[in-house]
Every structure is written in structure tokens, then in C-alpha cells.
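Dear colleague,

Please find below the structure that I am handing over to you. My findings follow directly after it.

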There are 2 protein chains.
Amino acid sequence: MNIRAHVPPRRAAEFADDSRVRRVRRALVSPDAALALAETFSLLGDPTRTRILHALSVDELCVSDLAGLLGVSPSAASHQLRLLRDRRLVAVRRQGKRTYYHLQDEHIRTLVDMGLSHAAEDAAAPSRRRRG
Amino acid sequence: MNIRAHVPPRRAAEFADDSRVRRVRRALVSPDAALALAETFSLLGDPTRTRILHALSVDELCVSDLAGLLGVSPSAASHQLRLLRDRRLVAVRRQGKRTYYHLQDEHIRTLVDMGLSHAAEDAAAPSRRRRG
């Protein structure tokens, strides 16, 4: 996938800081790449899925153990795991009759870790927004 | 925020791999932390916002330059920036009459970079799902 955008040039005078804008334009992701990224983040925007990913960042697990840990039904866990597999966020390893799920790669672990670090800092910081 | 969950213990026999489950249970994020994480990812699940964050990962920008780069109105860019500020994903720096936006911290840059790396690999890989 070409992740660089073709952004049509504008007249320099339209920008407050043209050299900065040129630098950003050269690097900016394409709308398609931004959409793919947004779709990945959207899939992560669900608390059951974030708990699954965090659990699998600790160790690989089979569906039934994961379901028991999270307090959801095995079929619910299976459904979420299928969505995560389809987006290549988790992968499977078969051992005998059992199927173990693990994070697809270190990118996903980093995504979860960075997201958690941010959420914890966000919760600890004086908020700009009203909390419910 | 206490990000560790209290997960009620189950009888060992209910789990296929009890020692593994105990290890994951000790580390697992709480439902509240998982929800905060999911809310952060949800906010990132929008292609305009991912483009804004990617642009700001290259350099800080003022609203009008960002809007011009992305081909959106300044008021639309402002609206998205406000949402991102509320969630502490971006921050501002005032210089004279101008306001520059930048990523809140390196966590956010890593989130965007890891997400893009994953999305690019996902697009390049043989897909398990039907693409539209």
C-alpha cells in the first residue's frame, strides 16, 4: 500500500508557514491509509476487545480460558477473536485439539501498551472535559 | 487510576491451563481501564482525525495550515482538534497571535506509527476477510 498522499499544491500565500506545510505534505499519509488506520483503531474501540488484547499481551490463551477470565460466554469470546483475527490483530497456534490465541506481532503489543499508558495519564491529569 | 482488575477466582478445574490463567488474571486491566482505552481508540477511529494526528507527528501546525493540507474547512479542523485535545492526544503552543498544535507526547506518536505499520502490513498480507 502506498501510504503517502498526493495532496494538490496550493499557492504559498495560502499557508501561514509554507516550508512547514511542504514538509508535512511530503510525509502525509494518503486518505486510503488514513482510512485503514482508522478502521483498525475503530476495531480497538471496544472494551471487551481491548481486554482480550491486553490478556493476550500477557500470555496466549484458548477461547474457554479467555472467556472465563473475562466473564463472557465462549461464543462471545470466539466472535470477538474472529473480528480481531480478520484485522490481523491476533493469530492462532494449534496444539493437539486446542487452539491458542496470541497477539499478531509486537506492533499490537506496543499499541495496547501505549494506549494504556496514555489512558492512565489522561485519567490522572487535570481534565479539560467534564467527566460523567 | 488502578488499572488492575479484580477478577473473581474460579475453580481451577474450570480452566484448561490454570497457571497461565492465574498469571494473566494478576496482570489484566480493570474493566474501567479497558473502557478508557477503548474510548481513546474510538476517538482515533476516524480517518480525518488519523490524518490530523499523522500530520502533527511530522510537525506542529496551526489550524489554517492543517485545514488547507487536509482539504477541510478551518472550523471542521478546529472541531476535530478540540476533540483530540479533550482526550489529551494533542496539545497547543501559543506564539504571538498564532496557536500551534502538536502531539501531546511520544506515546501518541508511537500509537500512530504502530497503527500505520500494522495497517500497511495488514493491507499487504493475504487477507482472511473479503475486501469490498
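**How the two copies meet**

The copies meet through the same surface, because 100% of the interface residues of chain B are also interface residues in chain A. Please note that this is a predicted model, in which local features need pLDDT of at least 70 and side-chain atom pairs count only at pLDDT 80 or more, whereas totals for chains, interfaces and linings use all residues. Residues are numbered from 1 along each chain as its sequence is written, and chains are lettered from A and ligands numbered from 1 in the order in which they are written.

In the interface, 64 residues of chain B are in contact with 64 residues of chain A; two residues are in contact if their C-beta atoms, placed from the backbone, lie within 7 Å. Several elements of chain B each supply at least two residues to the side that touches chain A, among them α1 (18-27), α2 (31-44) and β1 (61-62). Helices (H or I, at least four residues) and strands (E, at least two) are DSSP runs, numbered from the N terminus. The most is given by α6(B), with 14 residues. By class, this side of chain B has 34 nonpolar, 12 polar and 18 charged residues. Here Ala, Val, Leu, Ile, Met, Phe, Trp, Tyr, Cys and Pro count as nonpolar, Asp, Glu, Lys and Arg as charged, and the others, Gly among them, as polar.

Chain B is superposed on chain A by a rotation of 180 degrees with 0.0 Å of shift along its axis (RMSD 0.0 Å). The two copies are thus related as by a two-fold rotation axis. The superposition is by least squares on the C-alpha atoms of residues with pLDDT of at least 70 in both copies.

**A residue in chain B**

E60(B) is found in the loop between α3 and β1 of chain B. This residue counts as buried because it has 21 C-beta neighbours inside 10 Å (buried: 20 or more other C-beta atoms within 10 Å of its own; exposed: 12 or fewer; partly exposed: in between; C-beta atoms are placed from the backbone). Leaving aside residues up to four places away in sequence, E60(B) touches R93(B), Y100(B), Y101(B) and H102(B).

**Confidence**

The model scores ipTM 0.84 and pTM 0.84. Chain A has a mean pLDDT of 88, with 86% of its residues at 70 or more; pLDDT is the predictor's confidence in each residue, from 0 to 100.

With kind regards
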